[in-house]
Amino acid sequence: MSRPTGRVLTLLELLQSGGTRTVAELADRLGVEGRTVRRYVDQLIDLDVPVESVRGRYGGYRLAPGYRLPPLMLGDDEALAVLLGLIAGRRAGLTTAQRTANETASAKIRRVLPRHIAGRLETLLDALAFTDEPGTSDAADAPDSAVLLTLADAVRHRRPVSIRYTDRADRRSERTLHPYGIVAHAGRWYVTGEDASRAADRTLRLDRITAARTLPGTFEPPSGPDPAERVLSAFATAEYRHQVTLRIHGTPARIRTRLPATVATLDDPEGDRDPTAERWLRVRLHAERLDWLPPLLASLDRPFVIEGPDELRALMAEFAERLTSYARRV
C-alpha cells in the first residue's frame, strides 16, 4: 500500500472515532501539511464517504450520516472487542433474524483479520466458557484486552501468570495464578484457577486485574468441574455473614427455579434416581442478609426444614404470622 493511500485510510479511521477534527490536528496526526489533508478529504468524498466540512473557530472535518455505511477501520483491540461482543450476543436470546445478522457480521470481520489477530482470537475462544446467565455489562466491567489475551494464552499452554489484582475492599496484591479457564457470566468476565501463593482455587474478576505477565514453567490443571461450573460454585460458596442449611422436599429442577447454582449448592445423594421424583434434598447457601429467604421459600410451595441458622427460623415465623394476619383481614 502506497504511503498516500495509507494516510487516506488513516484519515478515515480518525474521522470514524467521532467528533470534529481540526485541520491542524489531522495534519499533525498524519504528518502532512493542511492542504494535503484537504486533498485527502476530497479523495474520501470521491469514494462516496460522507465527510462534512465544519466552519468556525473549532471547525474542521467530521463524518456525516450517509445512506451507505463507510468502510470500517478497526484497530486490533477494536476488532477483538467487536467479535467478542458478537460472540457473547449469540447467547442473549436473539431472534432468528438477529442471530443470522450476528453470524454474518462475525464472519465478515473474521475473514479480514490479520493472521496474528485471528490466531489470538482462536486462542481466546478455546479458553472461553459461558454460563447460562449472559447478562449485560457496564463499560467499567470490560477487561483489559492485553490482560484477556495473556490469560487466554496461559490457559491454552498451561502456563502460570503473575497478576496485579484489586479486591472488592480495594486491597492491591500481586499473585501467581494457574489459570484453568476464562468464563463470561452475567455480563462480567472471570478467570478461575489456583492462586499458587495461597494454594487454593480462586475466581477473580478480570476487570480487577490491572496487569498480567506469563511466567516460566507449566502446570497440570486438575480434573473435575469445568471452568464454568467452578465459577458458579464459587458464587454459591462465597464467604458471607450467614451460612444457611435447609432440607427441602421436591425435585432438583423445582428447587433450582428459586435457588439456582449461583446461589446455592444442592446435595442429592440419590441423584441417579428418577430426576422427576420428589425427595428430601439438602440445600446450602451463604448470604449477607436473610430477609429475602422467607418469601422465596414460601414461593417454592414445598415442605422444608431449616437446619440453621436460628435467625432464619425467627424471620420465617414472623413472615408466616404476617401472611396469616393478612389472610384474616376482612
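Predicted model: local features only at pLDDT ≥ 70, side-chain atom pairs only at ≥ 80, totals over all residues.
Local features need pLDDT of at least 70 and side-chain atom pairs count only at pLDDT 80 or more, while totals for chains, interfaces and linings use all residues. Residues are numbered from 1 along each chain as its sequence is written, and side-chain values use heavy atoms, with hydrogens and water left out.

Start with the rings. A search of the whole structure finds one aromatic pair. Tyr-180 and Phe-219 form this pair, with 6.5 Å centre to centre and 50 degrees between the planes. That makes the pair tilted. (Rings of Phe, Tyr and Trp, the last by its six-membered ring, pair if their centres lie within 6.5 Å; planes under 30 degrees apart count as stacked, over 60 as edge-to-face and the rest as tilted.)

Tyr-180 lies in strand β5 (residues 172-185), and Phe-219 in the loop between β8 (209-214) and α8 (227-236), so the pair ties together parts 39 residues apart in sequence. Helices (H or I, at least four residues) and strands (E, at least two) are DSSP runs, numbered from the N terminus. Tyr-180 is buried at 15% relative accessibility. Phe-219 is buried too, at 9%. (Buried means under 20% relative accessible area, exposed over 50%, partly exposed in between, with a 1.4 Å probe and protein chains only.)

Now turn to β11. Strand β11 (residues 279-287) pairs with β9 (residues 242-250) in the antiparallel sense, over nine bridges. Two strands pair if DSSP finds at least two bridges between them. Arg-247 has Arg-282 in β11 as its bridge partner. The charged end of Arg-247 sits over the ring of Trp-280, 5.5 Å from its centre. (This requires NZ of Lys or CZ of Arg within 6 Å of the ring centre and within 35 degrees of the ring normal.) Strand β10 (residues 264-267) also runs antiparallel to β11, joined by four bridges. There, Leu-266 stands opposite Val-283 in β11.
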